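Reader: I would like to learn how to read salt bridges in a model. Please show me the structure and start with one residue.

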Amino acid sequence: MGSAIARWLGLVFVGISWPFLAAHGWYRQRNWLIKLPVVGFVTLLALLYIYFVWQTQIWSGFNTAYPDVYKFSDRKFSAGQELPASGQQAAAVASKTCQTSAVVDVAADLTDFNVNQNAWISSMLLYKLGLFGMSWDDTPFLDNKASFQRGINSVVRRTSAELVDTIGRVRGTSGINSDLQKARGNLQFDESSWYFGLHPFGPKTPTPSYYRAAIANLRSFNTDLGSCKAIFDGRADNLLQFVDHIANDLGSTADILAKRAADHSYGWLDTRADDRFWFAYGQLYASYGILSAAGADFQQVIAERSVGTLWADTITQLQVALRIQPFIISNGPEDSSFMPSHLATMGFHILRVRSNLVEIRTVLGGR
């Protein structure tokens, strides 16, 4: 038995090493006019892979308590409300100022976190090449950060759509804000596109450039809102619709996790469990910031509808969910004592958050 295993391992080693040995033999027989370009190409490829591995493993700016930086509790006015003028401003008859949107700030900063503080992994050339032609998403290696970023982006996309369709305009009496419209269009761009596309107009801008343009669009809207030149319609029905859509998105993710947990409970051998987990984690990470910001932007509605306690409970549940950061993701049976089911655990926390959001939606719509 032992000799059979040794022979099998030997065959595997030969199969893996043969192409490299053949390439080495071919290389030794070439002259320097061929050797030098080959050395340059191999060196460049090695440097690219070092950079790629570094970017996938180092998560710059990652902080599960990042909403604390904004000090939302210090905001005394809902987004879009006119701020009282100071004594000097009143004397000088200064132009009006309004409260900017915390939701817009967080959406812009989350996108900045994805594409400026970190490299956008999904459209990197080596990520698209995969592992010997196999997608990195189908392996247990180097795909966690990409999935996490896509989870964040899904929430920012949802937020940008809500801002365009309802929150950033008075429905029926005002047009769509151009900055928000541009931001939504830029954030909808394909997450995995690289520099070249199959269309007759040649090369196209890579995905991160579109997302960087969206950051500028969001910040431009907030600048206009601060000078009362834009609209933030903080009505209860707008908040209800926003909460409803976030709850639906979380419900879809919980369903994906449940199906994966039920159909592929191979423990640590499930190669897709990690990207499912980290997508869900990114979704919760972004939802924590966006919902914390919405609590500030819609504070008047939340107070009037008496959902402050429910809102605070939701934020607390998000904080608890973000404490789950296993080193290796396991998709084991739920009753396993050896291989845990991290997907089931994450799904449980997502459903807790969703349950609270559904209750908030019910209260907002019941009065």
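Author: Start with accessibility. Buried means under 20% relative accessible area, exposed over 50%, partly exposed in between (1.4 Å probe, protein chains only). Asp-165 is partly exposed, at 34% relative accessible area. This is a predicted model: local features need pLDDT of at least 70, side-chain atom pairs count only at pLDDT 80 or more, and totals for chains, interfaces and linings use all residues. Residues are numbered from 1 along each chain as its sequence is written, and side-chain values use heavy atoms, with hydrogens and water left out.

Reader: Which residue forms a salt bridge with Asp-165?

Author: A salt bridge is a side-chain nitrogen of Lys or Arg within 4 Å of a carboxyl oxygen of Asp or Glu. For Asp-165 the partner is Arg-184, with the closest N and O atoms 2.9 Å apart. Asp-165 lies in helix H6 and Arg-184 in helix H7 (residues 178–187), so the pair ties together parts 19 residues apart in sequence. Helices here are DSSP runs (H or I, at least four residues), numbered from the N terminus.

Reader: How far apart in helix H6 are Arg-158 and Glu-162?

Author: They sit 4 residues apart in helix H6 (residues 144–167), about one helical turn.

Reader: Is Glu-162 buried or exposed?

Author: Glu-162 is buried, at 2%. Arg-158 is partly exposed, at 25%. Both join Asp-249 in a network of salt bridges.

Reader: How many salt bridges does the whole structure hold?

Author: The search finds 11. Another pairs Asp-237 with Arg-235 at 3.0 Å, N to O.

Technical notes. Helices (H or I, at least four residues) and strands (E, at least two) are DSSP runs, numbered from the N terminus.
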